[in-house]
Amino acid sequence: MRDDVVVPFAQGTARILTGPEVQKLDAWKRALQGKCKEHRYYELIERTLANDFEYRYVVLEDQSGNVRAIQPILFVRQNLIEGVRGFFRSIVDLIRKTFPRFLTMRVLMIGCAAGAGELDASNFEAEQWIAQALGQTLRDYARKNKASLVVFKDFPSRYRDALSILSEYAYERVPSMPMTRLALSFQNFDEYLGTLGYISRKSLRRKFRKTERAAKIEMEVVNDVSPIIDQIFPLYLQVHQRSPMKFENLSKEFFLGIAKGMPERTRFFIWRIGDKIVAFSLCLLCGDTLYDEVIGLDYEVALDLHLYFYTMRDVIRWAVEQKLRYYVSGPLNYDPKLHLGHELAPLDLYVLHTSAWLNPIFKFALKYLEPTRHDPILKKFPNAAELSGRRPTSE
């Protein structure tokens with residue numbers, strides 16, 4: 001199928017373009033304006049994560065031919081049991097030794113290959129218009145491109161009202177692995193510790209004392225990591241390889257590119273023992289919120305020195321000093337975040353099987369495949385009910 005595809009819908013027309021084509025449009029420079037990850041981030045992702053994904057962009061025009069929105073999409077072969085553990089996973093892994101693509105599907109995703117999804121809209125009416133347009137157009141486009149599923153990937157729960165219209169097009173919403181958020185409603189880190197439970201507070205202080213006795217660790221915050229990329233990239237790989245869930249594989253070019261392409265938002269926190277870098281964290285500064293995107297650790301010392309907790313302490317301290325309101329951390333590693341007072345920041349998947357007769361069956365299977373089902377720690381968060389769309393019972 002040609003890259004320049006035109007799909008009419010009731011309220012206008014969808015043109016599906018490649019990256020080089022969409023970047024020629026004046027409207028692209030305004031795409032996702034006001035979002036933390038706007039058009040520059042998507043250009044970087046396509047440039048540096050090209051091997052695993054096929055990128056396209058849906059240009060949505062109204063009946064007058066005006067561009068109302070540009071929505072990034074991508075094709076990927078997805079593991080349907082990502083996050084599933086236990087006996088069932090071991091059986092699937094055994095089958096995959098002979099049939100490597102068992103329980104994998106080619107998927108058309110709406111959203112970001114490396115981060116949460118966003119709609120290219122500034123108000124609810126525009127969000128709903130985009131959702132309705134995509135709901136009408138993407139199923140047939142996906143089928144013609146041999147994709148079995150259409151998935152709105154990792155959209156924050158604030159979009160639930162706007163995206164609820166997707167149910168009219170047979171999509172099913174299920175929770176994705178959430179981010180976590182910490183409200184920085186304190187003056188310093190010691191005051192924050194005082195908000196934690198006695199056992200957590202005592203444990204953290206013991207960890208920090210042990211680390212400070214064992215090594216002198218120095219931190220700096222930089223925008224550009226080109227002089228040290230060969231030192232920090234292996235630390236990212238160490239953490240990535242240990243992760244139970246993997247989607248994107250970031251490259252050296254990604255870390256170099258984000259520093260140059262989005263310097264006003266990018267902050268790299270670097271921790272050294274002497275001349276050796278033992279940890280780093282890539283954060284994005286957006287308005288009153290610091291998003292902790294990527295962490296890298298040297299596991300020769302990380303566990304003994306409790307570097308995960310030590311680095312988080314330093315990042316939170318820095319955020320408080322900058323008068324920020326929120327610290328947001330990415331999915332996974334929920335147990336320490338629970339004890340550190342974080343709340344869940346729910347993300348949602350909206351899923352459609354492109355076969356009309358298979359879609360009801362797949363909807364039933366989703367409740368067993370959805371990733372949050374297999375993480376028992378998530379249920380312990382005070383706002384865990386929000387994952388499924390309910391408010392906490394205490395409210």
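Tutor: We may; note that this is a predicted model. Let us start with E168, which is found in the loop between helix 5 (160–163) and strand 7 (172–183).

Student: Why is E168 called exposed?

Tutor: The relative accessible area of E168 is 60%. The term exposed requires a value over 50%, so E168 is exposed.

Student: Which residue 36 positions from E168 in sequence may be compared with it in space?

Tutor: That residue is Q132; the C-alpha atoms of E168 and Q132 are 9.0 Å apart.

Student: What makes E127 buried or exposed?

Tutor: E127 lies in helix 4 (residues 124–144). Its relative accessible area is 13%. Buried means under 20%, therefore E127 is buried.

Student: Which residues are in contact with E127, leaving aside its neighbours within four places in sequence?

Tutor: They are L119, A121, Y159 and A162. Each is called a contact because heavy atoms lie within 4.5 Å. As for D161, which is 34 residues from E127 along the chain, the C-alpha atoms of the two are separated by 9.3 Å.

Student: Which residues of helix 12 are buried?

Tutor: In helix 12 (residues 359–369), the buried residues are N359, F362, L366 and L369.

Student: How do you know where these buried residues of helix 12 fall around its axis?

Tutor: Viewed down the axis of helix 12, they fall within an arc of 70 degrees, so they line one face of the helix.

Student: What do the buried residues of helix 12 pack against?

Tutor: They pack against strand 6 (149–156), strand 7 and strand 13 (343–353).

Student: Which residues are buried in helix 9, and what do they pack against?

Tutor: In helix 9 (residues 252–261), F254, F255, G257, I258 and A259 are buried. The elements they pack against include helix 2 (39–48) and helix 8 (229–242). Strand 9 (266–273), strand 10 (276–286) and strand 11 (289–297) are also among them.

Student: How many helices and strands does the chain have, and what percentage of its residues is buried?

Tutor: The chain has 12 helices and 13 strands. Of its 395 residues, 56% are buried.

Student: What percentage of the contacts between residues at least 6 apart in sequence join residues at least 24 apart?

Tutor: The figure is 73%.

Methods
Residues are numbered from 1 along each chain as its sequence is written. This is a predicted model: local features need pLDDT of at least 70, side-chain atom pairs count only at pLDDT 80 or more; totals for chains, interfaces and linings use all residues. Side-chain values use heavy atoms; hydrogens and water are left out. Helices (H or I, at least four residues) and strands (E, at least two) are DSSP runs, numbered from the N terminus. Buried means under 20% relative accessible area, exposed over 50%, partly exposed in between (1.4 Å probe, protein chains only). The arc is that of the directions from the helix axis to the C-beta atoms.
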